Amino acid sequence: MKSAMQTEEVCTTQRAAELLGISVSTVQQLVEAGQIEAWKTKGGHRRIPLAAVMAYKAQPALDGVTPAPRPVAAPGAGTSILIVEDNPMQRQLYEKHIGGWTLPASLSFCENGYQALLEIARRQPDILLVDVMMEGIDGYELINTILADRQLRPMHIAILSGLEQTALQARGGVPRGVVFFHKPVNYDELRGYLRACCAQQERDRN
């Protein structure tokens with residue numbers, strides 16, 4: 001039988017979620033990504049060392065989430081945009097175009113779905129732009145995880161992908177409420193979308 005001290009040294013995913021202020025599903029994703037140490041009991045229940053939870057909570061901003069070299073807006077801009085794209089050249093194109101539109105927003109990047117889940121758990125963006133074809137957690141898995149998490153507040157989500165309609169339909173189509181932009185991206189359309197999203201965010205804050 002475990003002593004009281006040993007019992008206090010581990011916690012369930014529910015308790016870890018409460019300590020971190022995130023959802024249970026996000027904790028599970030963190031465990032699967034190897035960001036938080038855990039193990040499973042014979043009954044299949046996850047057990048997480050309390051020290052691992054506290055260590056994760058004390059971490060600084062997530063490595064691999066790259067701020068835009070040129071801020072889209074002055075510090076303190078109310079609307080935040082997160083772009084999930086694994087192609088570095090494509091990330092540079094987004095930064096060049098979006099950075100020149102002087103939107104009232106801040107811009108940051110993630111290189112894959114794992115990084116995006118971790119970043120969203122810490123600082124949920126107002127607008128999320130996601131590539132579909134990525135290694136590990138792809139864009140569809142990322143979006144479906146977000147849409148299924150009721151603890152996340154609603155956000156504007158758009159898919160940016162070169163997939164054709166037949167390939168999209170094979171994956172279940174574009175999720176309800178999600179906007180689709182075909183690559184190569186029409187930047188005039190993307191600019192209009194982002195401006196509309198920023199305007200709505202501003203209205204919602206007032």
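Me: Which residue is the bridge partner of Ile83 in E7?
Reply: The model is a predicted one. In it, strand E5 (residues 79-84) and E7 run parallel and are joined by 4 bridges. Within this pairing, the partner of Ile83 in E7 is Leu129.

Me: Which residue in E8 does Val130 stand opposite?
Reply: Strand E7 also pairs with strand E8 (residues 156-161), in the parallel sense and over 4 bridges. In E8, the residue opposite Val130 is Ile159.

Me: Which residues of strand E7 point the other way from Ile127 and Leu129?
Reply: In a regular strand, side chains alternate between the two faces of the sheet. Strand E7 covers residues 127-130, and Ile127 and Leu129 point one way from it. All of the residues named here are buried, and those that point the other way are Leu128 and Val130.

Me: Does Thr79 count as buried or exposed, and at what relative accessibility?
Reply: Thr79 has its place in strand E5. Leaving aside residues up to four places away in sequence, Thr79 touches Pro104, Ala105, Ser106, Asp126, Ile127, Cys198, Gln201 and Arg205. A residue is buried when its relative accessible area is under 20%. Thr79 therefore counts as buried, with a relative accessibility of 0%.

Me: Which residue in E3 stands opposite Lys40?
Reply: E2 and strand E3 (residues 46-49) pair in the antiparallel sense over 2 bridges. In E3, the residue opposite Lys40 is Arg46.

Me: Why are H2 and H4 roughly parallel to each other?
Reply: Helix H2 (residues 13-20) packs against H4 with the axes 10 Å apart and at an angle of about 30 degrees. H2 passes H4 in a right-handed crossing. The contact is made by Ala16, Leu19 and Leu20 of H2 together with Leu50, Val53, Met54, Tyr56 and Lys57 of H4. Angles under 35 degrees count as roughly parallel, so H2 and H4 are described as roughly parallel.

Me: What kind of pair do the rings of Phe181 and Tyr193 form?
Reply: The structure holds 3 aromatic pairs. Phe181 lies in strand E9 (residues 179-182) and Tyr193 in helix H9 (residues 187-205), so their pair ties together parts that are 12 residues apart in sequence. Phe181 counts as buried at 7% relative accessibility, and Tyr193 counts as buried at 14%. The ring centres are 5.4 Å apart and the planes are at 65 degrees, so the pair is edge-to-face.

Me: Where does Pro184 lie?
Reply: Most peptide bonds are trans. The bond from Lys183 to Pro184, however, is cis, with omega near 0 degrees. Pro184 lies in the loop between E9 and H9.

Me: Does Thr102 count as buried or exposed?
Reply: Thr102 has its place in the loop between helix H5 (88-99) and strand E6 (105-110). The phi of Thr102 is near 45 degrees, a positive value in a residue other than glycine. At a relative accessibility of 67%, Thr102 counts as exposed.

Conventions: Residues are numbered from 1 along each chain as its sequence is written. This is a predicted model: local features need pLDDT of at least 70, side-chain atom pairs count only at pLDDT 80 or more; totals for chains, interfaces and linings use all residues. Side-chain values use heavy atoms; hydrogens and water are left out. Two strands pair if DSSP finds at least two bridges between them. Rings of Phe, Tyr and Trp (its six-membered ring) pair if their centres lie within 6.5 Å; planes under 30 degrees apart count as stacked, over 60 as edge-to-face and the rest as tilted. Buried means under 20% relative accessible area, exposed over 50%, partly exposed in between (1.4 Å probe, protein chains only). Axes are lines fitted to C-alpha atoms, for helices over the stretch in contact, and angles run from 0 to 180 degrees between N-to-C directions. Angles under 35 degrees count as roughly parallel, over 145 as roughly antiparallel, 65 to 115 as roughly perpendicular and the rest as oblique. A crossing is left-handed if the near helix is turned anticlockwise from the far one by less than a right angle, and right-handed if clockwise. Contact means heavy atoms within 4.5 Å.
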